[in-house]
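The sequence and the model are shown first, and the description follows.

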Amino acid sequence: TAGNVTFNGTSGSGTGNNSIGVLLLGLSVNTEFSSININGNSLGTNVNSSAVVIDVDGSFIATSLSAREIQVNACTANDSALNVNIANATLYSNGGLISINANSLEIGVDSAVNATTSGIVSILTKGLPIGLGGIDSNNVLGLSGNDISRMTAGNLNIGNSTTPNLF
């Protein structure tokens, strides 16, 4: 495409299962000179709610071919709910920035976040500490060894100056 691609979604509120802000299911997005933004907000209070779910059955969900940015922003009403779930998908940017701003993140077995060796992958939270090698909890973004091993970048930035703790 010639312009930037943006997905915005907010789920309904309530206690029902699977209240999802943005669900990209079986969809491939390919851009050459544009950025891709995915912004999800789940108002559901059930633990099975998610702000952003990317599941494309093995395809590339977001391909930016010339060092452009892929940004994923997620927020859920339930602190125990999964903010970003990347399942059977690859976020790929050829030397650009892939930024994920969420309080919980799961990168599935057949998934990857790949900015190539000249790009940057940035993982930020909205005020939570980040636990390396751990799992998500109500008050910590846990990045397991499996999550980290599924990321490729020249620079992997985890947290920033406003991250309360990195442990």
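## Thr76 and its surroundings

The side chain of Thr76 forms a polar contact with the side chain of Asn83 at 2.9 Å. A polar contact is a pair of N or O atoms within 3.5 Å; within protein, one must be able to donate a hydrogen and the other to accept it, and residues adjacent in sequence count only if both atoms are side-chain atoms. The Thr76 side chain also reaches the backbone oxygen of Asn78, at 3.0 Å.

Thr76 belongs to strand β7, which spans residues 70–76. Strands (E, at least two residues) and helices (H or I, at least four) are DSSP runs, numbered from the N terminus. Thr76 has a relative accessible area of 12% and is therefore buried; buried means under 20% relative accessible area, exposed means over 50%, and partly exposed lies in between (1.4 Å probe, protein chains only). Leaving out residues up to four places away in sequence, Thr76 touches Ser42, Ser50, Ala51, Ala81, Leu82 and Asn83, where contact means heavy atoms within 4.5 Å.

## Basis of the model

The model is predicted: local features need pLDDT of at least 70, side-chain atom pairs count only at pLDDT 80 or more, and totals for chains, interfaces and linings use all residues. Residues are numbered from 1 along each chain as its sequence is written, and side-chain values use heavy atoms, with hydrogens and water left out.

## The parallel sheet

Four strands form an open sheet in the order β2-β5-β8-β11, with parallel pairing; two strands pair if DSSP finds at least two bridges between them. The edges are held by β2 and β11 (105–107), each of which has a single partner strand, so one side of each lacks a neighbour in the sheet. From one strand to the next, the twist averages 5 degrees; axes are lines fitted to C-alpha atoms, and angles run from 0 to 180 degrees between N-to-C directions.

Strands β5 (residues 50–55) and β8 (residues 82–87) are joined in parallel by 5 bridges. Ser50 stands opposite Leu82 of β8, and Ile54 has Ile86 as its bridge partner in β8. Strand β8 also runs parallel to β11, with 3 bridges between them, and Asn85 faces Glu106 in β11. Of the 6 residues of β8, 6 are buried.

## The nonpolar core

The largest nonpolar core has 32 residues, among which Ile86, Ile100 and Leu105 touch the most other members. Such a core is a set of buried Ala, Val, Leu, Ile, Met, Phe, Trp, Tyr and Cys residues joined through side-chain atoms within 4.5 Å. Not counting residues up to four places away in sequence, Ile100 touches Val72, Val84, Ile86, Leu91, Leu105, Val113, Ser122, Ile123 and Leu124.

## Ser11

Ser11 lies in the loop between β1 (5–10) and β2 (20–25) and, at 8% relative accessibility, counts as buried. A polar atom of its side chain lies 2.9 Å from the backbone nitrogen of Leu43. Beyond neighbours within four places in sequence, the contacts of Ser11 include Ser19, Asn41, Ser42 and Gly44.

## Overall form

The protein contains 1 helix and 17 strands, and 50% of its 167 residues count as buried. Its radius of gyration, taken over C-alpha atoms, is 15 Å, which agrees with the value near 15 Å for a compact globule of 167 residues; the globule rule is 2.2 Å times the number of residues to the power 0.38. Among contacts with a separation of 6 or more, 66% join residues 24 or more positions apart.
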